[in-house]
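Let's take a walk through this one together, a stop at a time. Have the sequence and the model open as you read.

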Amino acid sequence: MINDKLPKIWYGGDYNPEQWGPDVWKEDERMFKLAGIDVATVNVFSWALNQPSEETYDFSLLDETIDRLYKCGVHVCLATSTGAHPAWMARKYPDVLRVDVQGRKRRFGGRHNSCPNSPTYRKYSARLAGKLAERYKDHPGLLIWHISNEYGGYCYCDNCAAAFRVWLRERYATLDELNRAWNTRFWGHTFYDWEEIVVPNELSEEWNGNRTNFQGISLDYRRFQSQSLLECYKLEYDEIKKHTPNVPITTNLMGLYPELDYFEWAKYMDIVSWDNYPSLDTPVSLTAMTHDLMRGLKSGLPFMLMEQTPSQQNWQAYNSLKRPGVMRLWSYQAMAHGADTVLFFQLRRSIGACEKYHGAVIEHVGHEHTRVFREVAELGRELEQLGDTLLDARTEAKVALVYDWENRWATELSSGPTVALNYAGEVHKYYDALFKIHVESDMVSVEEDFGKYEIVIAPVMYMVKPGFAKKVEEFVANGGTFVTTFFSGIVDENDLVTTGGYPGELRSVLGIWAEEIDALFPGHMNQIVLKQSWGALSDQYECGLLCDLIHAEGAEVLAEYGSDFYQGMPAVTVNRFGKGRAYYVATSPEPSFLQGFLKNLCDEQGVRPLLDAPAGVEAARRVKDGKSFLFLLNHNAEAAEVEIGSAGMKDLLANTRVSGTVEVPGRGVVILESSN
Ligand code: GLA
Ligand code: ZN
């Protein structure tokens, strides 16, 4: 349990009373009660109020807020406010201001705007966190700490450059080693002095966000900035722990956000939390995958849904309303995948600046007679009724998908063979296929223990880090099924190619050699032609993006390319290795291929789907104390019928016994409880 002071799914969200006054606060209290809200995330952007000048701190408004909320039954998720520095600080200490990728020194403005290597920022952010912790350590309303907000964005200032050089010395020890790792003899880039190294921004090696002349330095700069920001988080974390060793600490992550290596970050978080903002056209399986990734950051521990909008965003191009029922549906989707909280941004809509058109529990009209408020209040009642039933429940997947931030950086920085390769998109294709055949999966890091899985899928495993290939070999030798794809096993952790034939270190477990890689133009397709009929698959499928031209070296060829000069060369292979099998999918197939292919693999390994359900109905399961909670989430607008078998189960929300056919209303949810 996150904190046993409140043993239920926490319900509430970001609350900014500092933008209002006492009359409105009273109304807030009344409406929070009506909505069943019991948690408010406060003090997220209040540094300027908490510290009006360098010498003075003022927590009077915060004191009042926390007391007031506690009196009306609302606990706080207490933020440290360091996501945006005060204007006086920017004026007095310009080192807090970032330099952007184009080399421009920023002025005061915006948020998430502090240089992570600024001595001023580090000193005052840690100090503020410490002061807050000291002040509120014994407050009964304090549930959890929320450090800063949505860390992100890189800085390219001189302080960062100097710190980067120190970081590089630690990593490489000698310039010879650095020159080797970055392959600096290319274009005559050899460094003879550490001071010659500059940050790889658009004045140096990079352009267009992810194009670079030198992958080595660009990759290291991403590692370094991710760690620099993490360092800032850790400084605050340590200050807080001095005063409240037993209160959990988190910071809100952003799902697939590219810039920070969240697996590394999660090691220093007591619980993962994240902000979920799908748009109307985001595939529901992508949201599911992102929840699973957030759960995977701490090897399957429950996480917090820290933010979602009750109705609409303001920052997307087209900010559609969540259709009736969708807010509830997506809240349960989060819970189905491991969330133990349902929190919103924001509780009350602000009247000025850029978030005034962002959805909120309390809208500008100010009263409770709105569609959004009614839906929020209904969900509040349900969560109240669920109590602690689902808290801490886990997932027991037998299939894992590997996700790796450094690999993502490297594939996207790679400069060839195609600009169209989207790492997260390729992982999602595999996730989506499993999702559609209702097989549960975990999203795991390269460091995860593969032993607990029957099937491990690592799409586009371009970068193979030390020890990874051995780990895969062991997993397969012991009976596991491993799947990887085109553009895998190409480079080491410095983006240096492993010579001797692709897929490098993975070559022996896969039993193949990839001789060349063809990049296909958008709309240009090849075909995967099966050599003989195989389970759920038909004879032929479309494929595109990249086609590896491979030779079987011991692997059995399951399918071949259907056209072009490499027609007849292997497109899908399997290699028997020890007691297991290693599959190679040499190209990016159409979705229906992956559904059949993964169904076959699950059948081979005895991995059963959760159940069979109509298209658009998602199934997910959590387990706890010998009980299983099967979530049926109907993403269709129309009702759907799901066959659940003859053994009776409890419909948790309706509090009835059901068996046989269950009807799930359009955009509705059914949670079925049974004994394991
Ligand atoms: C982010 C931030 C919030 C708010 C929302 C709006 O998630 O953390 O402060 O800006 O976006 O969607
Ligand atoms: Zn900087």
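A disulfide here means a pair of cysteine sulfur atoms within 2.5 Å, and by that rule the count comes to zero. Before going on, some housekeeping: this is a predicted model, where local features need pLDDT of at least 70, side-chain atom pairs count only at pLDDT 80 or more, and totals for chains, interfaces and linings use all residues. Residues are numbered from 1 along each chain as its sequence is written, chains are lettered from A and ligands numbered from 1 in the order in which they are written, and side-chain values use heavy atoms, with hydrogens and water left out.

So what do some of the cysteines do? C115, C155, C157 and C160 each put an SG on the zinc ion (ligand 2), at 2.2 to 2.3 Å. Donors are N, O and S atoms within 2.8 Å of the metal (3.2 Å for Na, K and Ca), and since water is not among the atoms, sites may look incomplete. The angles between the four donor atoms run from 102 to 116°, which makes the arrangement around the zinc ion (ligand 2) tetrahedral; for four donors, that label asks for all angles to lie between 85 and 135 degrees. Along the chain, the donors follow the spacing C-x39-C-x1-C-x2-C. Two of them tie distant parts of the chain together: C115 sits in the loop between α4 (87–92) and α5 (119–136), and C157, 42 residues apart from it, in the loop between β4 (142–146) and α6 (158–172). (Helices, H or I with at least four residues, and strands, E with at least two, are DSSP runs numbered from the N terminus.) Both C115 and C157 are buried, where buried means under 20% relative accessible area, exposed over 50%, and partly exposed in between (1.4 Å probe, protein chains only). C157 comes in at 6% and C160 at 0%, so C160 counts as buried too.

Now for the rings. A search of the whole structure turns up 36 aromatic pairs. Rings of Phe, Tyr and Trp (its six-membered ring) pair if their centres lie within 6.5 Å; planes under 30 degrees apart count as stacked, over 60 as edge-to-face and the rest as tilted. Y57 and F59 are stacked, because their centres are 6.1 Å apart and their planes at 20°. Y57 is partly exposed at 22%, while F59 is buried at 6%. Y233 and Y237 are tilted instead, at 5.9 Å centre to centre with 45° between the planes. They are four residues apart in helix α8 (residues 215–243), so about one helical turn separates them. Y233 is buried at 0%, and Y237 is buried at 16%. Elsewhere, ring pairs link Y156, F164, W167, Y221 and F224 into a cluster.

Last stop: the strands, which pair if DSSP finds at least two bridges between them. Nine of them form an open, parallel sheet in the order β7-β4-β3-β2-β1-β11-β10-β9-β8. β7 (249–250) and β8 (252–253) each have a single partner strand, so one side of each lacks a neighbour in the sheet. Where does β8 attach? Two bridges join β8 to the parallel strand β9 (residues 273–275), with N252 partnering S273.

Further along, strand β21 (residues 580–585) has five of its six residues buried. β20 and β21 form a hairpin with two residues between them, and G578 in the turn has a positive phi of about 60°.

Notes:
Tetrahedral: all angles 85-135°; square planar, octahedral: opposite > 155°, others 65-115°.
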